[in-house]
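Hello,

Here is the structure I promised to pass on. Please look it over first, then read my notes below.

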Amino acid sequence: KKFIIANARVQNCAIIYCNDGFCEMTGFSRPDVMQKPCTCDFLHGQFTSRHAVAQVAQALLGSEERKVEINYHRKDG
């Protein structure tokens, strides 16, 4: 399993934990990921839809459930 846990009580919904599977999948180390926004801006790239990212951010603000497909990129491209 690959996952992160974020703190929804802070403004940027900061990542407070990521497991080894997430680090292996993305190519980022745990220190690279910690305290980044839970929208994973650091994984955005050329093919990441800004509309999809906005939908996730809006859902987080409103505590809504949404199904969104996002194309993320590894650290090495």
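Where is the place of cysteine 40? Cysteine 40 sits in the loop between helix 2 and helix 3. Keep in mind that this is a predicted model.

**Two residues with positive phi**

Start with that loop. Cysteine 40 has a phi near 55°, a positive value in a residue other than glycine. Cysteine 40 is also buried, with a relative accessible area of 4%. Glutamine 35 lies in the loop between helix 2 and helix 3 as well. Its phi is near 70°, again positive in a residue that is not glycine. Is glutamine 35 buried or exposed? Glutamine 35 counts as exposed, because its relative accessibility is 52% and the cut-off for exposed is over 50%. Cysteine 40, at 4%, counts as buried, since buried means under 20%.

**The core**

Cysteine 40 belongs to the largest nonpolar core. How many residues make up this core? There are 11 in all. Among them are Cys13, Ile15, Cys18, Phe22 and Cys23. Phe28, Val33, Cys38, Phe42 and Leu43 are members too. Strand 2 and helix 1 each supply at least two residues of this core. In soluble globular proteins, nonpolar side chains tend to be buried together.

**The aromatic pairs**

A search of the whole structure finds 2 aromatic pairs. Phenylalanine 3 and tyrosine 17 form a tilted one. Their ring centres are 5.9 Å apart, with 40° between the planes. Phenylalanine 3 lies in the segment before strand 1 (4–6), and tyrosine 17 lies in strand 2 (residues 15–18), so this pair ties together parts that are 14 residues apart in sequence. Phenylalanine 3 is partly exposed, at 36% relative accessibility. Tyrosine 17 is partly exposed too, at 35%.

Phenylalanine 28 and phenylalanine 42 form an edge-to-face pair. The distance is 5.0 Å centre to centre, and the planes are 80° apart. Why does this pair tie together parts that are 14 residues apart in sequence? Phenylalanine 28 lies in the loop between helix 1 (20–26) and helix 2 (30–33), while phenylalanine 42 lies in the loop between helix 2 and helix 3 (50–62), so the pair links those parts. Are these two residues buried or exposed? Both phenylalanine 28 and phenylalanine 42 are buried.

Leaving out residues up to four places away in sequence, phenylalanine 28 touches Cys23, Val33, Phe42, Leu43, Arg74 and Lys75.

**The surface patch**

Which residues make the nonpolar surface patch of about 340 Å²? Phe3, Ile5, Ile16 and Tyr17 make it.

**Threonine 26**

One last residue. Threonine 26 lies in helix 1. Threonine 26 counts as buried, at 4% relative accessibility. Threonine 26 and histidine 73 are 47 residues apart in sequence. In space they are 7.2 Å apart, C-alpha to C-alpha. Which residues does threonine 26 touch, not counting residues up to four places away in sequence? They are Leu43, Arg74 and Lys75.

Best wishes

Technical notes
Residues are numbered from 1 along each chain as its sequence is written. Side-chain values use heavy atoms; hydrogens and water are left out. Rings of Phe, Tyr and Trp (its six-membered ring) pair if their centres lie within 6.5 Å; planes under 30 degrees apart count as stacked, over 60 as edge-to-face and the rest as tilted. Helices (H or I, at least four residues) and strands (E, at least two) are DSSP runs, numbered from the N terminus. Buried means under 20% relative accessible area, exposed over 50%, partly exposed in between (1.4 Å probe, protein chains only). A nonpolar core is a set of buried Ala, Val, Leu, Ile, Met, Phe, Trp, Tyr and Cys residues joined through side-chain atoms within 4.5 Å. Contact means heavy atoms within 4.5 Å. Patches are made of residues with over 30% relative accessible area and no salt bridge: like charges are joined within 9 Å, nonpolar side chains (Val, Leu, Ile, Met, Phe, Trp, Tyr) within 5 Å. Accessible areas come from the Shrake-Rupley method with a 1.4 Å probe; for residues, only the protein chains shown count as cover. A salt bridge is a side-chain nitrogen of Lys or Arg within 4 Å of a carboxyl oxygen of Asp or Glu.
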